[in-house]
Amino acid sequence: MSNEDRDSPAPGTKLRRELGLPAVTLSGVGIILGAGIYALLGEAACMAGNAVWLTFAVAAAIAGFSALGYAELSSMYPRASAEFEYVRNAFGRRLAFVVGWLITFSGILGAATVSLGFSGYFSDLFGFPALPSAVLLLLVLAGILLYGIRETARAAIAMTLIEVGGIVMVILIGLPYLGRVDYFEMPFGVSGLLQASALVFFAYMGFEEIVKLSEETRNPEQTIPLALMIALAISVVLYILVSLAAVSVVGWEQLAASRAPFADVASVALGPAAFTVISVIALFATANTALLMMMASSRIIYGMASSSSLPAALARVHPRTRTPWTAIVAVLLASIAFLFAGEIDFVASITNFTLFVTFAVINASVILLRYRAPDALRPFRIPGSIGRLPVIPAVGIVSTLLLLIQLESLVLMVGGVMVVIGALIALTGE
């Protein structure tokens, strides 16, 4: 058999089912926690003031509505192609392609965003230029992904434990300072709070990536929905506590001016040595999130290619490592390209646009499938309905669109262009 044949997506070459509930849950916690809180806390404080903790609560509530939709759909269709598969069953292949296109870009943009966050901490610590640092990180992470899913999961779990330790450390640092500020002080009012909530929604990006591990998880119909809920709950509690601690120690003005907010909090409370410790932890946190975002994007590309919606070459699985190697390389190259897209908050906002549109369509898919396939097996079912209409997904659509309109006009324009390009590809591909 030739190498070409061995690398092709033959029926016998499948992704390896290695992951149980602890591994999937910790992978989810790792991808959620590392992104926004280490990279975007200062940006959010600039908009929301000492009420920055409330932005994480608002974003969490809205993320939770969509998370329940993902839980139901992932129990019905446990596939690596995830959103593409859900929307295809509800609305057909064309809209499914557009959603798959957007969610792939959200992972690629997210990896680029977080690697820029990594390079900020790395540059402060070692004086190495920021852009080469980000490129080097992406190359190393792609190597881990190519090595195997078991090894990727082990690396992710180790880095997750380190980053959780950093967040807990900041929470403990802040305990003696609690009560020193007004936690409802909002310099720009409710408008600033909502704009900050739209930005920090990026910090919850990751719960939806869990479903893309379905073809590498044992008993995915039960494991994936449960892992999704546990990971989101853990992240919400830690985000609110750590943002309360941060503003208690340094106040929102200093947070807003900081490139490395967690490290500055530790430095004020414990001295310069703590700055270094937190900065090192932040390196692991941001690297972990970028790793898991790249993994998720490569899996949806693999799933879409396996469904003939992308070139078959992108569905090739390496015969030894059983990883989708061509999809991983494609994600690597695209992530490096997007490093040049601009500042971290702008790239994060573009990522949020793709998430908001995707989540609205996912919630609509839950509703439509309740009518079109009422008797389909649903190992997890969202509670609360009026007739066949599930209430929570309907609220999810409205609340997600509320955050969408908080984004800047330039972000909406760039995101709209991405939607149009995806739609044109879907139409010409038919």
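Which backbone oxygen does the side chain of S279 reach? The side chain of S279 reaches the backbone oxygen of F275, at 2.8 Å. Before we go on, please note that this is a predicted model, in which local features need pLDDT of at least 70 and side-chain atom pairs count only at pLDDT 80 or more, while totals for chains, interfaces and linings use all residues. Residues are numbered from 1 along each chain as its sequence is written, and side-chain values use heavy atoms, with hydrogens and water left out.

Let us stay with S279 for a moment. Its place is in helix α11, residues 272-306; helices here are DSSP runs of H or I with at least four residues, numbered from the N terminus. S279 has a relative accessible area of 1%, so it is buried (under 20% relative accessible area, with a 1.4 Å probe and protein chains only). Leaving out residues up to four places away in sequence, S279 touches Y121, L125 and A263, where touching means heavy atoms within 4.5 Å.

Now look at how helices pack. Helix α3 (residues 52-76) and α9 meet at an angle of about 175°, with their axes 10 Å apart. Axes are lines fitted to C-alpha atoms, for helices over the stretch in contact, and angles run from 0 to 180 degrees between N-to-C directions. α3 and α9 are therefore roughly antiparallel to each other, the word used for angles over 145 degrees. Their contact has 20 nonpolar, four polar and one charged residues. Here Ala, Val, Leu, Ile, Met, Phe, Trp, Tyr, Cys and Pro count as nonpolar, Asp, Glu, Lys and Arg as charged, and the others, Gly among them, as polar.

Helix α9 (residues 220-256) also packs with α10 (residues 261-270), at an angle of about 90° and with the axes 10 Å apart. That makes α9 roughly perpendicular to α10, a label for angles of 65 to 115 degrees. Among the residues making this contact are V242 and A246 of α9 and P261 and F262 of α10.

Finally, turn to the aromatic rings. Rings of Phe, Tyr and Trp (its six-membered ring) pair if their centres lie within 6.5 Å, and the count comes to 11 aromatic pairs. The rings of F97 and W101 have centres 6.3 Å apart and planes at 25°, so this pair is stacked, meaning planes under 30 degrees apart. F97 and W101 are four residues apart in helix α5 (residues 93-126), so about one helical turn separates them. Both F97 and W101 are buried. Ring pairs also link F97, W101, F105 and F338 into a cluster.

Conventions
Helices (H or I, at least four residues) and strands (E, at least two) are DSSP runs, numbered from the N terminus. Angles under 35 degrees count as roughly parallel, over 145 as roughly antiparallel, 65 to 115 as roughly perpendicular and the rest as oblique. Buried means under 20% relative accessible area, exposed over 50%, partly exposed in between (1.4 Å probe, protein chains only). A polar contact is a pair of N or O atoms within 3.5 Å; within protein, one must be able to donate a hydrogen and the other to accept it, and residues adjacent in sequence count only if both atoms are side-chain atoms. Rings of Phe, Tyr and Trp (its six-membered ring) pair if their centres lie within 6.5 Å; planes under 30 degrees apart count as stacked, over 60 as edge-to-face and the rest as tilted.
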